[in-house]
Amino acid sequence: MKKMLITSFVLILSSCVVPFSIGNNEVVDPEENNEAVNSVYAKNGKTMVALNYILPQRAGQFEMLTKTVIMPAIKRQDVEVYNSLKFLVPEEPNEDGNLTYMFIADPYIESKNYDIFEILVSQYGRYRAEEYFDRWITCFAFEQEVISFR
């Protein structure tokens with residue numbers, strides 16, 4: 001009777017156990033394109049981030065030029081580049097009072113042209129492109145910082 005009770009207890013206990021695993025112990029090669037593997041690496045290639053440190057008194061001009069001149073020119077030049085870009089506007093100023101705007105190209109398509117001045121020249125001609133670009137760069141507190149990620 002005691003053996004029967006222990007056996008039935010073990011059977012009941014083992015039938016309630018749910019197998020589980022913690023984490024993914026598989027080593028991932030970032031160069032390998034394996035969608036089935038859960039990885040911390042970007043699935044779509046490279047990402048580029050451009051940090052733009054803008055003077056607070058020029059923030060309106062910077063946003064206006066970016067939204068009404070630069071981004072439409074990029075869209076007309078190459079829709080694929082335009083679709084890869086996100087333009088992020090800060091919610092509040094940095095500690096030094098400047099504002100950090102970001103362009104994120106995800107994915108960054110290496111074979112495409114992301115050079116804003118070249119795109120402006122192509123879309124508006126050299127004279128107007130220089131005019132727009134000069135107005136745009138006067139908004140910067142510091143030089144644009146570009147960072148690439150994989």
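This is a predicted model: local features need pLDDT of at least 70, side-chain atom pairs count only at pLDDT 80 or more; totals for chains, interfaces and linings use all residues.

Now switch to cartoon. You'll find four helices and four strands, running α-β-α-α-β-β-α-β along the sequence. These are DSSP runs numbered from the N terminus: helices are H or I with at least four residues, strands are E with at least two.

Next, select helix H2 (59-77). Look for a kink of about 40° centred on Thr66; a bend is the angle between axes fitted to the seven residues ending at a residue and the seven starting there. The 19 residues of H2 should span 27 Å at 1.5 Å a residue, which agrees with the 25 Å between its end C-alpha atoms (the expected span is 1.5 Å times one less than the number of residues).

Move on to helix H4 (116-137). Where does H4 bend by about 125°? Click on Gly125: that's the spot. A straight helix of 22 residues would span 32 Å, but H4 spans only 11 Å between its end C-alpha atoms. At the start of H4, zoom in on Asp115, where a side-chain oxygen comes within 3.1 Å of the backbone nitrogen of Phe117.

Still on H4, colour its buried residues: Ile116, Ile119, Leu120, Tyr124, Ala129, Tyr132 and Trp136. Buried means under 20% relative accessible area (1.4 Å probe, protein chains only). They pack against S1, H2 and S3. Pick Leu120 and you'll see that its contacts (heavy atoms within 4.5 Å) include Val69, Ile70 and Ala73.

Last stop: the largest nonpolar core, with 29 residues. A nonpolar core is a set of buried Ala, Val, Leu, Ile, Met, Phe, Trp, Tyr and Cys residues joined through side-chain atoms within 4.5 Å. Select Phe62, Ile74, Leu85, Tyr101, Phe103, Leu120 and Trp136, which touch the most other members. Which element gives the most to this core? H2 does, with eight residues.

Note on methods. Residues are numbered from 1 along each chain as its sequence is written. Side-chain values use heavy atoms; hydrogens and water are left out. Buried means under 20% relative accessible area, exposed over 50%, partly exposed in between (1.4 Å probe, protein chains only). A polar contact is a pair of N or O atoms within 3.5 Å; within protein, one must be able to donate a hydrogen and the other to accept it, and residues adjacent in sequence count only if both atoms are side-chain atoms. Lists of a residue's contacts leave out its neighbours within four places in sequence.
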